[in-house]
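Please read the following note alongside the sequence and the model.

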Amino acid sequence: MQKLREGLSLGAGRGLRRLSDSVTWALLAVPFLALAIETPWRHFRLAYGDWNAVAVSIGLSCLSMAIIVMLGTRVAYWLASTRSRVARVAEVLVLVALMTPPLAMGILLATAYGPVGTFGAMLARGGILLGNNAPAFVLSQVYGGLPYFILAARAAFETVPPELPMAARSLGATPWQVFRRVTLPLARGGLAAGLVVAWVRVIGEFGIVMIFAYFPQGIPVKLYVNLQNDGLGAVYALLWLLLVVALPLPILVLMMTRRRHRHATANDDIVY
């Protein structure tokens, strides 16, 4: 009788897990299924200016990601390798930037860097204007994606066993060699995840850009403009383009991560 009860309990547990998985996949799939159904495929066309929005999003987002990776990797490594009070204050600052709603962050950037803002007025006197131009667009995306990348990269660096870099330093490796040949390869998976999250955040940034850099219009702002001007039916084509633009990098990173994981597993099996 006890075994029967355990069997029934186990079967019920499996059934609940399967139901939960089915509900989760359905929730994720329904919006995209609706998009595929509602898209007017026979009259599939882009609105005026959509290709310019695609070019803006691709070009400036790649530049923003380069800045995010360059700045964020250094900051994340410092946060992961030190326990000073300054680092803890910096960590709180990253969290505040992360939790600030995009519209609020756009207002903050306009207040700080706008032509009459706190720092913007000083920049304007030097001939540097920020607001509704390409530099402001990039700055908006950097503020949107940098905190996400820093937190993911810091978590990745913290997973590296500290004795391995110490052993490399004891063998005469320079700090840069230790970082490039030991720390970076071991943290590669977490850094890839941070790269994906930051890219999705950057390419889809709307709130900050809408307030601080309405021009040049990227895909998210152009979607909003098309929706306001011509209704829901006018956004489907550009929405598909957004998915086409945004998805290749996450898919590529996922494939590379899986390939390296399989390669590492195969090596472990050979060693064993």
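1. Thr39 counts as buried because its relative accessibility is 3%; buried means under 20% relative accessible area, with a 1.4 Å probe and protein chains only. The model is predicted, so local features need pLDDT of at least 70 and side-chain atom pairs count only at pLDDT 80 or more, while totals for chains, interfaces and linings use all residues. Residues are numbered from 1 along each chain as its sequence is written, and side-chain values use heavy atoms, leaving out hydrogens and water.

2. Thr39 lies in the loop between α1 (2-38) and α2 (50-81). Helices are DSSP runs (H or I, at least four residues), numbered from the N terminus.

3. The side chains of Thr39 and Trp240 are joined by a polar contact of 2.8 Å. Within protein, such a contact is a pair of N or O atoms within 3.5 Å, of which one must be able to donate a hydrogen and the other to accept it; residues adjacent in sequence count only if both atoms are side-chain atoms. Leaving aside residues up to four places away in sequence, Thr39 touches Phe44, Tyr236 and Trp240 (heavy atoms within 4.5 Å).

4. The structure holds one cavity of 30 Å³ or more. On a 1 Å grid over the protein atoms alone, a cavity is a set of points where a 1.4 Å probe fits but cannot get out, and lining residues have an atom within 4 Å of a point. The residues that line the largest cavity include Tyr143, Arg201 and Ile208. The largest share of this lining, four residues, comes from α6.

Technical notes:
Helix = DSSP H or I, 4+ residues; strand = E, 2+ residues; numbered from the N terminus. Buried < 20%, exposed > 50% of the residue type's maximum accessible area, 1.4 Å probe, protein only. 1 Å grid on protein atoms, 1.4 Å probe; cavity = no way out; pocket = protein on both sides within 12 Å on 5 of 7 lines; lining within 4 Å. Points joined across faces, edges and corners; volume = space filled by probe spheres on them.
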